[in-house]
Amino acid sequence: MKKKLLVCAVILAVFSFDLSGASFSPKVMVNGSIIPTDALLIDDRTYVPLRGVFEAAGAQVSWDEESGTAVINTGSAQQDTLVPGVIEKLSPSVVGIIGKCVSGSGASAYEYIAHGSGVVVKSGGEILTNAHVVTDMIMIFVVLNDGSSYEAKVKHIDEESDLALIKINKIGLPVAKFADTSDIVVGKMVVAIGTPISFSLRNSATVGYISGINRAVSGTYRLIQTDAAVNSGNSGGPLVNLDGEVIGINSSGYVGYGIESTNFAIPADTVNYVLRHFEAYGKVRRPSLKAELKEDWLAELGVPSEGGLTVRSMDKDSPLLYAEFANGDIISAINGTAVNSIVEVNELFKSFLPGDTVTVTAARGADIIEKQVVLAEGN
Amino acid sequence: MKKLLSLCAALLLCLSALPASSFAEDDFLVIYVNAAMQTMSVNSEPVDSPKLFVSSNGTTMVPFEVIAAAFGCETAYSDTGAVLTYAGVTMTFTLDSAHVTIDKYDFTMPEALTYADGVLTVPLRFMTESLGADCGYDAETGDIIITAEDITQSSSVDFRMLLKYGDKERIGHSGEKWSFATPSDFDMEEYWGRYFYAEDISFQMTASKNTENVTLEMIYATIQSMYSGMGYYYSSGVLYEKTMGTRAGLPYACIKLRNTWEMAETHVFLTDDYIYMFMATVPFKDLNDYRSIRTMDDILSSFRIDYDGTDENTVDINTASFKARGEEYKDECIRWEITPHGTWQVETYYGFTNTFFMSCETGIEEETQDSDYYDQYYYDDYPPSSHLNPSLQISVFTNPENQSIEAWAAEKIKKEKDSFNPEFLTVSELADCTIGEYPAKKFTASIDYEGDESVLEAYFLYDGSYRYMLELAYDPREAQSPEFLENTYKMLDTFVPTEAEIEEIGNLLTYDGYEKTDAILEQYENDYMSFKAPFLWNVSGYKTGSYISVYEAYGSTHLYISHDYLDDIDDDGNVLYKTLEQEASEGILSMRRANPRGTVVVKPLTGYTFKGRRAYTFTIGTQSDGKVTDTTEYIMYEGKDNDFFVITLPHQELYRNTRTDKIRQQIIDSIVLK
């Protein structure tokens, strides 16, 4: 029994040692700090004091005399110790955005101050935020973690994905690291960092879990759903995993009747897609079918569906029209990938550029037709 | 040691290749890099043999030293790498390593800092973007274009400026710094955005870059248009002072407006680059208010555009203060007396415009007071009608230019003729008359529109100091009651001009818009067409792309231009193509079908050429009792891209006259198709 526990400890603790040394005492590093242990290396196995390592990792350790069991509890301790570390690590890369907006026009125009958050993506002053944060701003200030502020210009804006890149005349900024897309899984603890509600709460953070992914609410692309509180001022700020990596950009909460603590973030892969296009083309070059596609009623409700997409109408320059598709055809797949919602098509199109050719499979009555379609340039 | 030597050699090589131009001399840096062509330039100066190459993973590599020199970075080299300092930030590059430390943060470049042909090279995008530059790509030429502003001079700004001072760009941050002095009771706490508030005065200052080459004349016209075109709110006001010229050595324009509840004024200074605008409004309580707005003169006298911005405020505060305001309303404007007779009574007094409005009960029987008719026109532009009570309006004006009473009355006659369709209007010659014991001039204008008649009797009188205009309006059927005219003329005879008690406070707004219809207020353009809007005509809906409305600021004439496509998709998803003629015919048919008895084709569909494009025109009228009352003329002409435009010209017959027709024709003639 004792041996098994030790194995667990070995797996959980991060350690480093040099095999070349004969009488060598391995060092043990937990969450970036070397902890004092009298670790032993015996038969290529490292033996460390259980309590020392686990407590350093933030767990609570107790001993059940009756059953002879060591009880390790990592639950609340993880939040208490890891989250401040994450916030400390990422905060320098999170900025507050404050600006003046004008609403209305002519004599009835009035000005107001609005704010949001952003993430530094380039050391030379480029900051990513939500498009809706900066769209109406006529003057934008970026407030850095150290309290200094700079005037910003909008460099690129993409309202479809609700992302915008703004720039300040300041260099030497720390850049946030984006998480691997495969690391975004339901149940992971996340931290939303930003400036909620009042600008005086700059760089405040809220903790929650990823409660869903691929939720298509009303967006063009899939979104991450979280119960971490995302308020209007959090918009544009990062949703971060406990490694301090950005898994998404918070977008203001989905407000609906009976919906509580449901917030959304634009996932890192969409962010990377948009940033890549900003860099390469100065805008997002979206492929388009230039047609109105109707989702199955299930898909419209956000329920998984296999109903395909019905062609309702086509622009006169629609590539579907060129490929001799007709209204009423039900598109079931593009390049062999089943598509049942507009969001799925948009997600699929992230791998293509206008001008690329895809195979579109559709049902026309009892027939299945398959045609090559040259994707058009979206708006 | 060998490394150090090669580094030195590389440095020498680079130095010889350095272009003369760098950030040190220009505020703006543009670098062109084309690895395929092996060309590179810095602010148009070519770099000799730049040693560019693209790495195996597609990263464009450029000489480290050329970039560092272009930005004016401080550099220090060692045998392990290079340290660069720019805008207070230190970047440490390690030779043969992709690792870079910027300030205290670690970064990984897509390629290592490395020697190629003896030249130290670095990934282009990483290095330039880290220095704050923007990296762009010209797909046609294959050029990578680096643009950068000089950020070494830029410093952080206090974002609270936004809350306190609004437009930082415009105040103290732009090259054009400006200041002015404000009264001592100016509450800076209430400086929100660009608005000041101090007690009752609200004051707004703006400066904007004149990117569209706006002229002083355009500003002058626009402010007048704004003040006179804001509907009810400002329409009862008088633009009592209009100036265009120079002030403090700068082109300057000023428009002042007053009405019964507010005084407003706008002052504009123009420099080569900026438009500075000051707007103040004071709610009207008494004449002291009016005088207090003169404080604007103090503010404007203190206006400077060369302010060095040495203090954070950029706005100087001095000790000038407003005069204490009177507690109670005092009318010091009356310069005449009149004694009401019969049922005449004072209805409204527009104190500050010196206009009384009087009315009396109508003698017309109740059943002829067609309430439907009234309702129908109440919210619309109702024609002058006897169904409203008889009215008398008395207005007083100064006469700064000693205009003769004949010339003044002639202006009024012209305005009357300009406003109504001559077919329904009869205007008498100007005649001598007396009001009480005072000699006066008089004319009568009668309108007979579809059986609705009204009479205007206008009297003009000048006592040597002030001019008086009395406008009596009534339905001729009122005259059937013998008391009506008797009481009215008796009352008019009691009119007595009296001594003026106050200093001169203004002049009549002479509505000079008609003489300036040819002036270009603004040129409106879109992708398809442009046209000129006449002076004091407003344009709305522009830039929505499909619909433009052009209407007269004061009047009742307008036209619309809309844009549509000839192809459509029907309910079954079929694309339908129509010819312009089909579209036009269908337009007529659908209007006829919608109202078969009330619609009549006045002018049938006629094809012609409009500005070299195929076009059709037709006129549809609305009829009641077999008579056409209003007509709408349509001009449909072809666009370029299977689209078409429709110019819609509604003619309300009462208001249709040669002047309005002429102005609308001018707008149509000014259309330039793209």
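1. Chain B holds 14 helices and 44 strands, counted as DSSP runs numbered from the N terminus (helices H or I, at least four residues; strands E, at least two). A quick word on provenance: this is a predicted model, in which local features need pLDDT of at least 70 and side-chain atom pairs count only at pLDDT 80 or more, while totals for chains, interfaces and linings use all residues. Residues are numbered from 1 along each chain as its sequence is written, chains are lettered from A and ligands numbered from 1 in the order in which they are written, and side-chain values use heavy atoms, with hydrogens and water left out.

2. Of the 674 residues in chain B, 47% are buried (under 20% relative accessible area, 1.4 Å probe, protein chains only). The chain exposes about 32400 Å², with carbon and sulfur atoms supplying 49% of that area (Shrake-Rupley method, 1.4 Å probe).

3. Now for a sheet you can trace by eye: in chain B, four strands run in the order S4-S5-S12-S11 as an open, antiparallel sheet, where pairing takes at least two DSSP bridges between two strands. S4 (53-54) and S11 (114-116) of chain B are at the edges with a single partner strand each, so one side of each has no neighbour in the sheet. S4(B) pairs with S5 (residues 60-63) of chain B over two bridges, and B:Phe53 has B:Met61 as its bridge partner in S5(B). Helix H2 (residues 64-71) of chain B packs on this sheet, touching S5 and S12 (119-123) of chain B, and its direction makes about 70° with that of S5(B) (axes are lines fitted to C-alpha atoms, for helices over the stretch in contact; angles run from 0 to 180 degrees between N-to-C directions).

4. A second open sheet in chain B has five strands, ordered S3-S2-S1-S14-S13 and antiparallel. Its edge strands are S3 (45-46) and S13 (134-138) of chain B. Six bridges join S1 (residues 28-34) and S14 (residues 143-149) of chain B; B:Val30 has its bridge partner in S14(B) at B:Thr147. H2(B) packs here too, touching S1, S2 (39-42) and S14 of chain B, at about 160° to S1(B).

5. The largest nonpolar core has 41 residues; B:Ile31, B:Phe64 and B:Ile67 are among those touching the most other members (a core joins buried Ala, Val, Leu, Ile, Met, Phe, Trp, Tyr and Cys residues through side-chain atoms within 4.5 Å). H2(B) gives the most to this core, with six residues. Beyond its neighbours within four places in sequence, B:Ile31 has contacts including B:Met40, B:Phe71 and B:Ile145 (heavy atoms within 4.5 Å).

Conventions: Buried means under 20% relative accessible area, exposed over 50%, partly exposed in between (1.4 Å probe, protein chains only).
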